[in-house]
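Biologist: I would like to learn how to read the features of a protein model, one at a time. Could you give me the general idea of each feature and then show me the case here?

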Amino acid sequence: GDRLTAGQLLAAVDRTNYALALEQAQLTAQRASDEARRARILAASGAVAPNDLEKAVNAEAQANVALAMAEKRLHDTRLVSPLSGIVARRTANRGETVPAGAALFTIVDIDTVRARVAVPESDVGVIATRAVATLTVPSLGDTTFTGHVRLVGVAADKITRTFAVEISVPNTDHRLKAGMVVETSIETPNKATRLTVPVSAIVHDAEGATQLFIYESNEQRVHARRITPGVIAGSEVEITSGLAEGELVVIGGQQQ
């Protein structure tokens, strides 16, 4: 839960052995450098064989490599955060021995979150990057968040045959958490007006036909009417025939 900044110290190990190893590597590198320098001077006057000069130069290069490795090992005794964010998980405590390569901390940056949604092939063609998207998180009630399409996948999932679309959403108040489930609506250039009713308004009669209960204001009564449904869009159902705009529809209690 702690907030971190990039470069902040997270953990460290005892540096004594690594510092001594670095000091030893420095002495070895200095000695190899001196020997290589003397060999070059002697070689210039022909007082040393070319093979001996090559050995001295190679020893100097190897000593410098060992010195660089010792410096890196000493540097690696301090673990710093590679990014600014929040500690989501810590898997080690002070004084524990941990294996090489083990993950000690999980740090997340949720100032901007990315939501990944699966889009059918029939719809992915009209979705473009930078398109506006609206997200609803069921666990946060009716709160909506606005973002934009960051990328559109170019290969379909082998099982679902859908394309991954990634949406970038500003999250400065950190209400969105990593791993939350969201419902997404993406704006596309192709828009059309449709007459829809809530899914809860749809009922079926004894013959299985789809119908709605319509309120007749002049009679102050409700009558059942067969209709023709179309596509489902979220929690709404398109009505292609049997209903006029402005009519009052019962969406609950039809069984009464």
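Biologist: How many residues does helix α1 have, and how far does it reach from its first C-alpha to its last?

Modeller: Before the answer, please note that this is a predicted model, in which local features need pLDDT of at least 70 and side-chain atom pairs count only at pLDDT 80 or more, while totals for chains, interfaces and linings use all residues. Residues are numbered from 1 along each chain as its sequence is written, and side-chain values use heavy atoms, with hydrogens and water left out. Helices (H or I, at least four residues) and strands (E, at least two) are DSSP runs, numbered from the N terminus. The expected span of a helix is 1.5 Å times one less than its number of residues. Helix α1, residues 16-44, has 29 residues and reaches 42 Å from its first C-alpha to its last, close to the 42 Å expected at 1.5 Å a residue. Just after α1, G46 takes a positive phi of about 75°.

Biologist: Which residues of α1 are buried, and against what do they pack?

Modeller: Buried means under 20% relative accessible area, exposed over 50%, and partly exposed in between, with a 1.4 Å probe and protein chains only. In α1 the buried residues are L22, A25, A29, A32, A36 and A39, and the buried residues of α1 pack against α2, where contact means heavy atoms within 4.5 Å.

Biologist: How should I read a sheet, and what is the order of strands in the open sheet of three?

Modeller: Strands of a sheet pair through backbone hydrogen bonds, either parallel or antiparallel. Two strands count as paired if DSSP finds at least two bridges between them. Here the open sheet of three strands runs in the order β1-β4-β5, with antiparallel pairing. Both β1 (3-4) and β5 (105-108) stand at the edges with a single partner strand each, so one side of each is left without a neighbour in the sheet. Strand β4, residues 85-90, pairs with β5 in the antiparallel sense over four bridges, and the bridge partner of R90 in β5 is F105.

Biologist: Which strands pair with β16, and over how many bridges?

Modeller: Strand β11 (residues 196-198) pairs with strand β16 (residues 236-241) in the antiparallel sense over three bridges, and T196 has E238 as its bridge partner in β16. Strand β15 (residues 228-233) and β16 also pair in the antiparallel sense, over four bridges, with I239 in β16 as the bridge partner of P229. The hairpin of β15 and β16 has two residues between the strands, and in this hairpin G234 takes a positive phi near 65°.

Biologist: Where is R130 placed, and is it buried or exposed?

Modeller: R130 has its place in the loop between α3 (121-124) and β7 (132-136), and at 60% relative accessibility R130 counts as exposed. Although it is not a glycine, R130 has a positive phi of about 75°.

Biologist: What are the surroundings of G147 and H148?

Modeller: G147 lies in strand β8, residues 144-152, and is buried, with a relative accessible area of 8%. Leaving aside its neighbours within four places in sequence, G147 is in contact with A131, V132, A133, I167, S168, V169 and P170. H148 is also found in strand β8, but at 22% relative accessibility H148 counts as partly exposed. H148 and V132 are 16 residues apart in sequence and 4.5 Å apart in space, C-alpha to C-alpha. With neighbours within four places in sequence left aside, the contacts of H148 include R130, A131 and E166.

Biologist: How do I read a pocket, and how much space lies in the largest pocket?

Modeller: Rolling a probe the size of a water molecule over the atoms shows where empty space is left. On a 1 Å grid over the protein atoms alone, a pocket is an open set of points where a 1.4 Å probe fits, with protein on both sides within 12 Å along at least five of seven lines, and lining residues have an atom within 4 Å of a point. Grid points are joined across faces, edges and corners, and a volume is the space filled by probe spheres set on the points. In the largest pocket there is about 920 Å³ of space. Of the 27 residues that line the largest pocket, the closest to its centre are A11, A12, V13, V98 and L104.
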